[in-house]
Amino acid sequence: MRRLLAERLVFATTVIVILICALFAYLRVAT
Amino acid sequence: MLPYVARRAVWITVYLLFVLAPVLALLMGDLPPARDFWTEFSSAIAYVGLAIMGLQFGLTARFRYVTEPWGEDVIYHFHRLLSLVALGLVISHPIILFIVDPARLRLLNFFQAPVVARWAALSTYSLIALVVMSLWRVQLRIRYEIWHSTHILLAVVAIVAGMIHMIGWGYYLGDPEKRALWIGLSIFWLGLLFYVRIVKPLFILRRPYVVTEVRKERGDSWTLAMQPHRHPGFRFIPGQFGWLTIWGTPFKITGHPFSFSSSAEVGDGRVEMTIRNLGDLTSKIHEVPAGRRVYIDGPYGAFTIGNPADMHVLIAGGVGITPMMSMIRTLADRNDKRPVILLYGSGDWESITFREELEALETGLDLKVVHVLVNPPAGWKGEKGIINTEIMMRHLPPPYRDHEYFICGPNPMMDAIEKALGEMHVPLAKYHSERYSFV
């Protein structure tokens with residue numbers, strides 16, 4: 001269960017990071 | 001002090017800020033001409049990948065206020081998995097660029113590629129080597145100390161080479177302010193490493209301990225009693241652990257994590273660690289002479305006794321008894337009569353570490369000890385096999401979800417118990433576990 005906590009954290013971090021990178025690219029292209 | 005949940009939220013926010021803010025800062029001020037979406041996306045993930053790699057030094061720096069709300073084992077697992085994420089991001093960067101413009105594939109020719117691309121290759125190859133060595137250290141038969149030194153070296157090369165590549169490419173970091181920000185960040189990351197490997201060991205070096213006794217215990221285990229030498233020592237909470245360096249100085253990468261087994265109420269700073277012979281460094285514990293100077297980095301860990309009103313269910317397997325023993329001894333010293341049930345799995349009757357002391361403590365505390373033996377002696381009327389749902393339900397009073405559960409033992413046992421507690425509908429917040437094989 002402790003591992004699951006770390007795994008959930010990593011998953012959430014990865015999703016947030018990829019979304020922000022996509023936002024970065026979008027802002028660069030759109031503005 | 002904020003509750004653990006709030007502190008966790010604060011640290012998640014701080015972590016994401018450190019990873020994402022420097023990337024978003026690249027969008028400020030004067031900008032170079034925009035390229036297509038995927039090229040910009042690939043640049044962003046490379047910067048984020050580098051930031052994650054740099055912050056890895058902070059995750060393993062053993063900052064107590066960072067690790068406390070999580071537990072060291074969670075932080076180490078997070079660190080390991082994040083290295084895979086960083087590798088994925090860093091490798092995706094060139095792959096996306098090759099798909100967008102296949103002509104860039106010529107950059108893969110290391111000897112003919114421009115210098116700036118060679119730095120990128122060096123960074124990526126170092127990161128791949130680092131991850132491969134970490135995932136398959138045991139299979140590759142790499143000694144822990146050799147692996148650890150190489151791990152640090154490869155991490156530094158990956159970060160420095162990645163940074164040189166980004167500055168050399170000069171697209172976003174052509175801007176002097178943004179360049180200064182990212183160079184400053186790199187210095188900060190390497191500063192974390194300097195702190196862990198140089199500054200912190202200096203502090204530990206000034207606070208040595210002296211071994212006062214090496215005591216044989218049941219179950220091929222030895223207890224090291226250690227007294228602080230010319231300093232007051234530290235206070236720990238029962239269930240916590242320390243990194244012990246027996247041979248060498250704190251500068252050598254030889255520290256191993258062991259739980260304290262003594263009571264937290266000992267007034268003179270003396271601490272004890274009980275260590276089972278598992279064939280590695282632990283096989284030489286009995287050779288440690290009394291009077292030897294050793295070093296302890298600690299205390300660490302969030303695996304500690306909770307609300308006095310709740311029944312405490314301690315579930316130990318083998319040498320996983322050590323943090324539980326610290327809890328029980330501390331409760332005895334405090335004359336704390338909270339109800340405690342210890343489910344204790346061992347190989348056989350003769351190898352039950354602390355067997356006699358636990359029997360004695362049962363009379364003075366509200367403590368019930370249930371031994372579960374894999375190889376019980378003839379005529380054994382107690383529990384047999386490994387601790388499972390049926391055994392727990394036989395000995396614990398319902399409602400199960402109201403108790404506090406503490407679990408420590410070998411990984412297969414921990415997995416089985418965590419599954420069993422799930423079946424008993426015990427909420428996650430009610431169980432606390434610490435894996436002693438997290439490094």
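In the predicted model, the largest nonpolar core comprises 48 residues, of which Cys21(A), Val23(B), Ala44(B), Tyr47(B), Val48(B), Ala51(B) and Ile52(B) touch the most other members. At least two residues of this core are supplied by each of the following helices: α1 (2-30) of chain A, and α1 (4-24), α2 (37-59), α4 (72-100), α5, α6 and α7 (176-205) of chain B. Helix α2(B) provides the largest share, with 13 residues.

Two of the helix pairs within chain B were examined for their packing geometry. Helix α5 (residues 115-135) of chain B packs against helix α6 (residues 144-169) of chain B at an angle of about 155°, and the two axes lie 8 Å apart. Because angles over 145 degrees count as roughly antiparallel, α5(B) is assigned a roughly antiparallel orientation to α6(B). The crossing of α5(B) with α6(B) is left-handed. When the residues in the contact of α5(B) with α6(B) are sorted by class, 16 are nonpolar and eight are polar, while no charged residues take part.

Helix α5(B) also packs with α4(B), here at an angle of about 150° and with the axes 10 Å apart. By the cut-off of 145 degrees, α4(B) and α5(B) are therefore roughly antiparallel to each other. Their crossing, that of α4(B) and α5(B), is left-handed.

As regards confidence, the average pLDDT of chain B is 90, and 97% of the residues in this chain score at least 70. For the complex, the predictor gives an ipTM of 0.96 and a pTM of 0.81.

Methods
Residues numbered from 1 in each chain as written. Chains lettered and ligands numbered in written order. Predicted model: local features only at pLDDT ≥ 70, side-chain atom pairs only at ≥ 80, totals over all residues. pLDDT = per-residue confidence, 0-100. Axes fitted to C-alpha atoms, helices over the stretch in contact; angles between N-to-C directions. Helix = DSSP H or I, 4+ residues; strand = E, 2+ residues; numbered from the N terminus. Parallel < 35°, antiparallel > 145°, perpendicular 65-115°, else oblique. Left-handed = near helix turned anticlockwise from the far one by under 90°. Nonpolar A, V, L, I, M, F, W, Y, C, P; charged D, E, K, R; others polar. Core = buried A, V, L, I, M, F, W, Y, C linked by C-beta atoms within 7 Å. Buried ≥ 20, exposed ≤ 12 C-beta atoms within 10 Å, placed from the backbone.
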